[in-house]
Amino acid sequence: MNDFDALERDIQPDDSVLPLMSLREVVMFPRSIVPLFVGREASIKAIESAIALHDKHIFLVTQRSPEKEKPEAEDLFAVGTVSRILQMLRLPDGTIKVLFEGLYRANWSILESDPAEAGDFPLVRVDRVDELHGDKSEGDALIRAVNESLDVYARNNKKVAPESILAMAALREPGALADAVMPHLKVDFLRKQRALEISETSQRLEYVYELLLGEIEISTIEKRVKGRVKGQMEKNQREYYLNEQMKAIHKEMGREDDPAAEALELEKRLDAKVMSDESRERVKKEIRKLKQMQPSSAEYTVVRNYVDWVLDLPWGVLKETDLDISKARVVLDEDHFGLEKPKERILEYIAVQSLVKTMKGPILCFVGPPGVGKTSIAKSIARAMDREFMRISLGGVRDEAEIRGHRRTYVGALPGKIIHSLRRCKFNNPVICLDEVDKMSMDFRGDPSSALLEVLDPEQNYAFNDHYLDLDYDLSKVFFITTANTLDSIPLPLRDRMEIIRLPGYLETEKLKIAKQFLLGKQRELHGLSEESLNVSDNAMLEIIRRYTREAGVRNLEREIAAVCRKAAMKIVEDKAVTSVAVSKQSIATYLGVPKHRHEEREEKSQVGVTTGLAWTQMGGELLLIEVVLMSGSGKVEITGKLGEVMQESARAALSYLRSRSDLFGLKRDFHKEIDIHVHVPEGATPKDGPSAGVALVTSIVSALLNIPVRNDVAMTGEITLRGRVLPIGGLREKLLAAHRGLVGTVFIPAENEKDLKEVPEEILKDLKIVPVETVDTVLEQALECGSSGALFCGRDNISPLSNLLVKEEYLPPTH
């Protein structure tokens, strides 16, 4: 007979009515001893009543909802445990500590004759639940399995005392073993209550065995996790200890920076970058190198600089832009007058970009003479597109490394200018202006123009490889703009990658508007003047443009306007009575001195052998006087005026044309053998070249041979062929402006250039008579004063002394 049997003998029949105490998340099992802290007033009174009136017997039952402070009958489970109070200890805070011993499981019901008062404990009638015994062999098998599992459970759970394991191993009754094991399992109170309510002993032990196996599995996993966590903690503590030692060592050596902390910071920066896996792995490798190096070594500085360069780049960082085409048009017009073609191209790009979000950046090349605004319009484009602007000057660059960077094997190696610019602007979609791309040269250090082939190719620059970084970097979102004065020095492969947009020189009318709308106001503000204190008339401004500047752009014009502002400011400061200064055409010389330039003007009267031609220069259009004189000789042709090869060829072609048409002009077939022809084009110190003076050369030579004046109110341009056809030329707009400035009334142009008249301002065309011609015969008929052919000599007496040598006798006038 065991101890539990003795306990059952001690139970008295008067235990049928007992005080009830509800438990929160605790289930009391028979044959178990449990200490509890009791603080509720009703529970304390129930314990006191049990001690005083019920021989220390009390009924313990578990609440369904632990959070309820005053549970009702329906809030309690139907099965509880009749228990005995073994010991009670009152604590200073008013609570009591009670040691309970479970006796047997029972059902309960409220006594109707003695209901509990509010706040007091209830008295309940309890009915013992009899245990049902199943198959003995099955029970024995379960007892053996539970005992084996208890040994495993005890090894994993050190909180179970060995004495308890021995006591449970001695039990040979399934119900008693199940009740003894349940308090030691870490399961929730609902599962424990279910075990309490199972009256069949074998089923109860089977359920307990199931819970025990689950706890063993959880304990095994928990032990494994704890071991892993402990190992990791030990490793972390070891690393922390060693790092603290390293910090102390570095501090003692005067190095406050911790290399490990620096590497950790670099890794954090790397995680925030959006780059390819290959690039990320490469940088991680370099950071791992840093961890193993001494900061005092030279290699540490090299690797650290490399990592800093890579992490400072805006990998995938795009600036949000507001692509408003109306706003862009306003910005471009505010900053620049004219330049319609470049503006239109930029607006087209913005319009397409607003529809296609992934369009690659175009490569534009602005070509034009100095001072026309190539670089400034690139800056305006960036402002119109709300992007960052970076300018890279390529003038005089001879080293390929300036573009692609140096390899890290060299001391002091750095990335190229492209990577430098992206690092400064902190965005991956700026507008980058490659200025003076035609001024690059090459030497033994490489060809920088060849290095630009990859940069300026949208099909390649998405993987631009700088020698220093040695990583693929995406430049496809960058808007590249290049500027050049001429295309001749740009290699053809590089030129082919760019969209060429030509910026012609400004006309006088355009310069006048620019000066009035932009330059004068800007210089007034810089010199502290107002619109009332300085007034420059239109005629005075036009005089500055014509007589004090000679350029395609407006740089020198702005300097001359600044000089006028300085003189006006000095006059206002010196003479207090002067509050405003008016500058007119007549007074401009007092501000700027003697005129610096002169423009050719038409002859005052018609002259023999003198024709007004038209020339284009980078500074604009000019009148070109072509003079021809004849001398007795042996057929030599002298050409002076610093003419280029093409212009000399035009002169020879003109003479060959005349010899082939000698019969038409009434000249002897061998007239050229009797004379020397001298062709001269002033100004002699200015180089001149080009084929467009061919028509003017023919006219001058015919006028000299036939001694007939050329009309002084006509000018002409056009290339001539040996058959007398007039071919088209360039620069028509500038040439017509020069004719208008020189007071020419009629201009002969090639018929194929008639389409170019659309680009000429209307105020120029209305004062000129434009005559399109296809052959030089038409020019001679209208430019010479007496018609053509033999009729040239009708009624004329002023025949030159050489006429007898040149002209056929039938065309000579009668002898007086």
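**Salt bridges, a parallel sheet and a pocket**

The side chains of Arg733 and Glu734 form a salt bridge, with N and O 3.7 Å apart. A salt bridge here is a side-chain nitrogen of Lys or Arg within 4 Å of a carboxyl oxygen of Asp or Glu. Arg733 and Glu734 are both buried. Buried means under 20% relative accessible area, exposed over 50%, and partly exposed in between (1.4 Å probe, protein chains only).

The model is predicted, so local features need pLDDT of at least 70 and side-chain atom pairs pLDDT 80 or more, while totals for chains, interfaces and linings use all residues. Residues are numbered from 1 along each chain as its sequence is written, and side-chain values use heavy atoms, without hydrogens and water.

The structure holds 38 salt bridges. One of them joins Glu402 to Lys417, with the closest N and O atoms 3.6 Å apart. Glu402 lies in helix 14 and Lys417 in helix 15, so the pair ties together parts 15 residues apart in sequence. Helices (H or I, at least four residues) and strands (E, at least two) are DSSP runs, numbered from the N terminus. Glu402 is partly exposed, at 31% relative accessible area. Lys417 is also partly exposed, at 26%.

Asp457 and Arg497 meet in another salt bridge (3.5 Å, N to O). This pair links distant parts of the chain, 40 residues apart. Asp457 sits in the loop between helix 16 and strand 10, and Arg497 in the loop between helix 17 and strand 13. Asp457 is buried, at 12%, whereas Arg497 is partly exposed, at 26%. Salt bridges also link Arg31, Arg105, Glu131, Asp179 and Arg204 in a network.

An open sheet has 5 strands in the order 8-9-12-7-13, with parallel pairing. Two strands pair if DSSP finds at least two bridges between them. Strands 8 and 13 are the edges, each pairing on one side only. Within the sheet, 5 bridges join strand 7 (363–367) to strand 12 (479–484). Phe366 has Thr483 in strand 12 as its bridge partner.

The second largest pocket is lined by 25 residues. A pocket is an open set of points on a 1 Å grid over the protein atoms alone, where a 1.4 Å probe fits, with protein on both sides within 12 Å along at least five of seven lines; lining residues have an atom within 4 Å of a point. His336, Gly371, Gly373, Ser376 and Val554 lie nearest the centre of this pocket. Helix 13 gives the most to the lining, with 6 residues.
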